[in-house]
Structures are given as C-alpha cells and as structure tokens.
Amino acid sequence: MNNKHDEYETYGGPMYTNQQDSGELRIVLYSHDSQGLGHTRRNLAIAHALAAHLPALAGRKVSGLLVTGEGTATSYRRPEGWDWMVIPGISKREGNYAPRHLDVRMSRLISLRSAVIEGALTAFRPHLVIVDRHAFGVDGELVDALAAVREADPGCKVILGLREVLDDPAVAAREWTALGDLCHVRRTFDELWVYGDPAVHNPVASGEIPAALSDKVRFTGYLAAGRPCSSRRPQSRKPYLLTMVGGGSDGFDLTMAAARAKVPAGYRHLVITGPQMAADQRRQVERAARKRTDVIASVPDALVEINAAAAIVTMGGYNSVCEILSTDTPALVVPRVWPRQEQLIRARSLSNRQLVDVCEPAQMSSKVLGNWFETVAGTAAGRTGIELDGLSSVARLAAFLLGTAGAENAVSPAGQKELNRVAG
C-alpha cells in the first residue's frame with residue numbers, strides 16, 4: 001500500500017468526514033492510571049503536540065479533555081484550551097484493581113467512573129478520542145462511553161494508543177483474549193497508534209499485537225523530540241549526575257543504591273525519588289545519601305534536569321526513556337522486571353542499538369552505579385538512526401483522520417515500510 005490516501009479509504013470510510021462543525025476541534029485523551037504517572041504523562045505530551053501543531057494543519061482551534069485517575073497529574077502544565085478531568089482513582093493491590101481512596105466495592109467504583117466518563121464525552125461531543133493502552137478501560141468502563149460517542153457522531157475518530165512494548169508476547173496475548181471478540185476492537189477503533197520505531201522493537205512481529213489487527217497499526221516513532229521543556233534552571237548546580245525513577249512507587253531499591261553510590265570528583269548527584277514514593281522510604285533514601293548527593297521528591301520539569309545532567313540512571317518507563325532519547329545525556333537503564341517484562345524488553349531493545357546502557361536489577365548495586373558514573377560522566381551519547389518524531393507524527397495522523405487535506409506524510413515512513421514487510 002504505497003498511496004496513503006488509498007490506504008485510509010480501504011478501511012476508514014470517506015477521507016473527509018466530520019467537517020460540518022466549523023468551530024473548534026474537540027479531543028479527549030483517556031488514561032486509567034492505576035500505578036505511576038506514565039499513562040497520564042504520555043497523554044499530556046500528546047496533548048501539547050496536538051495543541052501546538054493541529055490548529056495549523058486543520059485550520060481550526062483545538063480544545064481537549066485529559067481524563068485521568070491520578071489526582072497529582074493536575075500539577076503538570078496543560079496546554080492552553082485544555083483541561084483536566086480527574087475521575088475517582090484506582091490502584092493495584094496484589095495484582096488486582098482496587099479503589100485508591102473511596103471506601104466502596106470495586107464494582108461500584110467502576111460504575112461511578114464509567115458514568116462520569118460517559119457523561120463527559122456525551123456533553124463534550126469530541127471529534128477525536130485517544131485511549132491509552134487499555135482498549136476499553138478498567139473492567140470495561142469505556143464500553144458504554146465509546147458506544148455513546150459513536151452513536152452521537154459516527155464521524156468521531158477513536159484511537160487506541162499503545163506504547164511500543166506491551167509485555168511478554170504470551171502475557172499480551174492473554175490480555176487481548178480477555179477483551180473478547182477482536183471484531184469488537186476493530187469496530188470500536190479506527191486505528192492503533194504504536195508510539196515507537198519498529199526497527200527498534202516491533203510488537204506486531206513479536207505477537208504482542210494480534211495479526212488480525214495489523215492493518216490498523218500506525219507506527220508514529222517515539223514520542224521524544226519536541227517534548228515541551230521549560231526554561232527553568234536545573235535543581236542542582238552543574239556539573240551533576242542524576243537518578244530518577246518516575247513516579248517512584250516502585251523505585252525504592254534503585255534510589256537507595258544510587259544514594260549510596262560513590263560520586264566522581266567534581267560532580268554532585270541529584271536523586272529524585274518521585275512523588276509517589278512512600279514518605280518513610282524517601283526518608284531512608286535521604287539518610288543513606290553520601291556526601292555531594294541531594295535527595296528530593298520531585299521536580300517541575302524532568303526534561304530540564306535530564307538535559308543538563310552529565311549522566312543519568314533511570315528505570316525503563318516509556319516516558320523517562322523518551323525524554324532521555326531526546327537528549328545526548330548518557331543513560332543507564334535499570335528496568336523493572338516484575339510484574340511486567342515491558343521495561344526489560346524496552347531496555348534490551350534500545351541497548352542492542354547502542355542507545356542506552358542496561359543493568360538488570362539482579363546485578364545492580366551502589367558499586368556498579370558508582371563505577372558507571374565514573375566511566376561515562378561528561379561524555380555524550382549518540383542517538384541517531386532512530387525515529388524520535390512521534391509527537392509531530394501524531395498531529396499529522398490526527399489531521400488526516402479528521403479530514404484535513406494538507407496533512408501529507410501522516411504515517412512514519414520507516415514504520416509503514418516495516419509494517420508492510422511484516423504483513424507480507
């Protein structure tokens with residue numbers, strides 16, 4: 001399929017739809033947010049990209065809702081014309097979802113979340129809905145809302161956004177099976193946007209995405225280049241080393257090892273525990289910190305810190321990795337390996353392309369981290385030969401789906417080439 005226009009017309013219906021509304025384009029980004037801030041941060045990066053690029057591509061103003069179950073997300077800067085909608089939170093306990101705060105049964109919480117989401121989407125009448133990672137939300141909480149959107153406006157486009165690594169293929173297959181009939185997925189979602197470069201990791205080829213859905217897949221490239229970065233000064237005095245663990249709920253072991261690591265002469269070391277690390281764990285990290293090591297809970301803009309750092313140690317979450325890939329800061333990834341293999345698969349794939357270094361948790365220690373800092377501090381990492389422009393690709397894809405004639409080159413060229421090769 002060489003002609004992108006023909007390709008869209010084969011399954012998406014007429015190219016130009018939903019143009020009867022000459023006002024603003026309305027967009028909803030949903031994330032379920034049971035642990036960490038990864039889903040919300042990914043959607044927020046997309047929101048900033050759509051706000052920055054889509055008005056020029058579509059010739060219309062853009063307004064949007066960021067639906068999240070993580071209350072602390074509202075501390076992040078939202079784009080102009082967008083707002084947060086925080087729904088009652090959930091968390092994972094012993095592998096199962098449970099209410100994060102409300103003292104009610106999980107079934108009642110899901111009913112509440114579902115009703116709130118459906119009411120918001122019905123009133124907002126979006127032109128585009130992007131669901132992050134979980135097709136129908138937690139326990140199917142999006143089924144009625146997405147059906148209502150389709151009924152109210154058949155021209156509304158619904159997207160399933162997926163990080164480039166889902167999990168071990170067998171685990172991913174069980175998750176797709178749990179959704180039921182894949183025909184329902186096909187009817188609900190116009191496209192599946194994969195936020196990665198298939199030359200680094202291809203979830204279609206690995207079996208993480210079913211072959212029956214491969215024709216709906218669009219590789220965007222990593223959501224790395226063009227992430228908003230403030231003009232704030234870094235928290236630490238230069239030159240400094242950096243350790244960060246995302247939200248921090250599962251980063252205690254790494255931050256403890258980092259706090260005890262030897263700091264090379266001439267450097268300071270900033271350890272960011274994350275806002276979701278338990279207070280008693282954070283205090284332990286603070287007490288363990290060596291001379292010239294500072295421990296703080298969070299920063300207003302992680303990308304500012306990464307850009308200015310001489311080297312960084314991090315876990316392997318999608319957003320942290322994307323922020324690192326947008327810089328030339330040397331990085332050591334210590335991936336989480338339980339309960340998902342996602343971070344491990346991502347770290348190994350990037351390491352195979354010499355984009356980051358990897359230390360698996362079983363080999364991680366303060367000595368290992370200190371030696372790595374000593375070796376790489378002040379060097380520059382090459383990050384060429386990888387597609388990092390996913391944020392601009394997302395804006396072009398959205399413009400194309402929404403019927404903007406000028407949105408050429410919507411699909412990442414290397415991504416579509418690789419998809420065509422896999423599809424045969």
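A crossing of two helices is called right-handed if the near helix is turned clockwise from the far one by less than a right angle, and left-handed if anticlockwise.

1. Basis of the note. This is a predicted model, in which local features need pLDDT of at least 70 and side-chain atom pairs count only at pLDDT 80 or more, while totals for chains, interfaces and linings use all residues. Residues are numbered from 1 along each chain as its sequence is written, and side-chain values use heavy atoms, with hydrogens and water left out.

2. Overall composition. The chain has 15 helices and 15 strands; helices (H or I, at least four residues) and strands (E, at least two) are DSSP runs numbered from the N terminus. Of its 424 residues, 56% count as buried, where buried means under 20% relative accessible area, exposed over 50% and partly exposed in between (1.4 Å probe, protein chains only). Among contacts (heavy atoms within 4.5 Å) with a separation of 6 or more, 76% join residues 24 or more positions apart.

3. Helices α2 and α14. The axes of α2 (residues 38-58) and α14 (residues 390-401) come within 8 Å and cross at roughly 50°. Axes here are lines fitted to C-alpha atoms, for helices over the stretch in contact, and angles run from 0 to 180 degrees between N-to-C directions. The two helices are therefore oblique to each other: angles under 35 degrees count as roughly parallel, over 145 as roughly antiparallel, 65 to 115 as roughly perpendicular and the rest as oblique. The crossing of α2 with α14 is right-handed. On the α2 side the contact includes Ala45, Ile46 and Ala49, and on the α14 side Leu391, Val394 and Arg396 are among the residues involved. By class, this contact has 11 nonpolar, one polar and one charged residues (nonpolar: Ala, Val, Leu, Ile, Met, Phe, Trp, Tyr, Cys and Pro; charged: Asp, Glu, Lys and Arg; polar: the others, Gly among them).

4. Helices α8 and α9. Helix α8 (residues 252-260) packs against α9 (residues 279-288) at about 15°, with axes 8 Å apart, which makes the pair roughly parallel. This crossing is right-handed.

5. Leucine 344. This residue lies in helix α12 (residues 342-352) and is buried, at 7% relative accessible area. Beyond its neighbours within four places in sequence, leucine 344 contacts Pro335, Arg336, Val337 and Glu360.

6. Cysteines. Cysteine 183 is partly exposed, at 41% relative accessibility, whereas cysteine 359 is buried at 7%. With a disulfide taken as a pair of cysteine sulfur atoms within 2.5 Å, the count is zero.
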